[in-house]
Amino acid sequence: MADIRFDGKVAIVTGAGGGLGRQHALELARRGAKVVVNDLGGSMDGSGGGSDAANKVVEEIKALGGEAIANGSSVTDDAGVARMVQDAMDAWGRIDILIANAGILRDKSFAKMEFGDFQVVVDVHLFGTVKPVKAVWEIMRTQNYGRIIVTTSSSGLYGNFGQSNYGAAKLGLIGFMNTLKLEGQKNNIHVNAISPVAATRMTENLGMPAEALAALKPELVTPGVVFLCSEEAPTGHILTAGAGAFALSRIVETEGVYLGPNATVEQVRDSWAKITDDAGQKAYLNGGEQSGKFFRKMAGG
């Protein structure tokens, strides 16, 4: 089969000054895409800022013979996001791909976490995805083409000690994706999520052994992300990727049991084994499917 190419396509990659975002931007450029390299250039907790990181990646892309421009906007700033999108439109007249990768960490146990630490992480990860997506949505609808990748995490899908803020934001992105995949279908806008495991600034303080860090190079996640940017991409999937391994994560519902309108607390207790039985569990494509199951249960079906 032919190689996947992005000639004539324009991509925005947020948080692309290093780590995962840098690798995504470089690989898209190698395959012909014109790239907006967005990075605020701040520290891992979101403080500070500067354009050096984004400029360096732009220079790397140009050295490869590609086209790229740098943008230092914060993904939480409305005016900055609008400027980022306008930069792409002024330079190339279209936007085909958005990889929402920017992120920060402020890890603490929930007992010790200040509300400000919770809010800023949700702002960057959740609203810092929603705002760029909103800014490109009408452009993609008009084009009848778009590929959007949001970045989730196992911390959101499964939980992780000390990351209630990060986990809440990351699972919120799955709900966001699940609706946009439906709303974007008629305009050929595909929306997917990547759940990466990689050695980046966000993992450097976890005390992982050197051999594990070596196996978790960010560039080993990128093939999955770039596939999700392609014309052949599916929509509405959560792709987990790390160390060269790729798998699909799903939210499933068990078959359950119908207890009727007079169900009691004790019946729920006594039926718990059936309620939680994995046999017959299913991943639903949309809420309407799940609602259909609910009404069939009500009818005794």
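Helices (H or I, at least four residues) and strands (E, at least two) are taken as DSSP runs and numbered from the N terminus. On this basis the chain has 11 helices and eight strands. The model is a predicted one, in which local features need pLDDT of at least 70 and side-chain atom pairs count only at pLDDT 80 or more, while totals for chains, interfaces and linings use all residues. Residues are numbered from 1 along each chain as its sequence is written, and side-chain values use heavy atoms, with hydrogens and water left out.

Of the 301 residues of the chain, 42% count as buried (buried, under 20% relative accessible area; exposed, over 50%; partly exposed, in between; 1.4 Å probe, protein chains only). The accessible surface comes to about 15,000 Å², and carbon and sulfur atoms account for 54% of it (Shrake-Rupley method, 1.4 Å probe; for residues, only the protein chains shown count as cover). Among contacts (heavy atoms within 4.5 Å) between residues at least 6 apart in sequence, 70% join residues at least 24 apart.

Helix α4 (residues 115-143) packs with helix α6 (residues 164-183) at an angle of about 20°, the axes being 7 Å apart. Axes are lines fitted to C-alpha atoms, for helices over the stretch in contact, and angles run from 0 to 180 degrees between N-to-C directions. The angle makes α4 roughly parallel to α6 (under 35 degrees; over 145 is roughly antiparallel, 65 to 115 roughly perpendicular and the rest oblique).

Asp 78, Val 81, Met 84, Val 85 and Met 89 of α3 meet Lys 131, Pro 132, Ala 135, Val 136 and Ile 139 of α4. The contact of α3 with α4 holds eight nonpolar, no polar and two charged residues.

Helix α1 (residues 19-30) and helix α2 (residues 52-63) pack at about 25° with axes 10 Å apart, an angle that makes α1 roughly parallel to α2. This crossing is right-handed. Arg 22, Ala 25, Leu 26 and Ala 29 of α1 form the contact with Val 57, Glu 60 and Ile 61 of α2.

Most residues other than glycine have a negative phi. Asn 188, in the loop between α6 and β6 (189-196), has a positive phi of about 55° and is partly exposed, at 28% relative accessible area. Ala 243 has a positive phi near 55°; this residue lies in the loop between β7 (238-242) and β8 (245-249) and is partly exposed, at 42%. Ile 104, in the loop between β4 (97-100) and α4, is buried, with a relative accessible area of 7%.

Terms used
Nonpolar A, V, L, I, M, F, W, Y, C, P; charged D, E, K, R; others polar. Left-handed = near helix turned anticlockwise from the far one by under 90°.
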